[in-house]
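The entries below are in the order in which I looked.

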Amino acid sequence: MTSGDGDGRVDDAAQRAADGTSRADPAPVHITADLLSLLCERAADADPDEENVVLDATAAGDLIDAPGGLDPSTPVLTHFYFPGAGGSVSAVFGMDLGRPAGRARFLSHPRGDRRLTEEDDLAAVVLVAVPPFERGDVTAYDRRGRRRELVVVDAYPPEEGIDE
């Protein structure tokens, strides 16, 4: 399918329509302040090794003390899964069943390169942290490698428990 001036090139607007994208910037990524601080600490503790953590979200409407201007359906990154979870299951079955797919990933790049690389594990959202692993040293990307605004939310997920 081609459109445009007849030279065989696909029109930019037609391509965006075909793949469901728009010229607008990707939506911002929301994360709780506590989770971001914890992830930065983990990256600093792991240095010079890399950190690779699966993250998951809670709808803003379910958070405690969520900002009033935030749409209740907005996903806010609130949880992480320990990288070693499910190790024994993986050793027996050869599959990583202990770590869910999650909504996002947090990666550290101890060498200081903020860009996503071909070696990085990708997700819908990828957060890349570089030394000295402070909040301002974290960059958000979508799965296509486009930078996204990182919005820190001072809110808390609801307490969870196991029903008896």
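Entry one. I began with threonine 32 and, leaving aside its neighbours within four places in sequence, I found it in contact with Val76, Leu77, Thr78, Val152, Val153 and Ala155, where contact means heavy atoms within 4.5 Å. I note that this is a predicted model, in which local features need pLDDT of at least 70 and side-chain atom pairs count only at pLDDT 80 or more, while totals for chains, interfaces and linings use all residues. Residues are numbered from 1 along each chain as its sequence is written, and side-chain values use heavy atoms, with hydrogens and water left out.

Entry two. Is threonine 32 buried or exposed? Threonine 32 counts as buried because its relative accessibility is 2%; buried means under 20% relative accessible area, exposed over 50%, and partly exposed in between, with a 1.4 Å probe and protein chains only. Of the 164 residues of the protein, 30% count as buried.

Entry three. Threonine 32 belongs to strand β1, residues 29-32; helices (H or I, at least four residues) and strands (E, at least two) are DSSP runs, numbered from the N terminus. I looked up the whole set and found three helices and eight strands.

Which order do the strands take in the open sheet? The eight strands follow the order β7-β6-β5-β4-β2-β3-β1-β8, with mixed pairing, and two strands pair if DSSP finds at least two bridges between them. The edge strands, each pairing on one side only, are β7 (147-148) and β8 (150-153). Strand β6 (residues 138-142) and β7 run antiparallel and are joined by two bridges, and alanine 140 stands opposite arginine 148 in β7.
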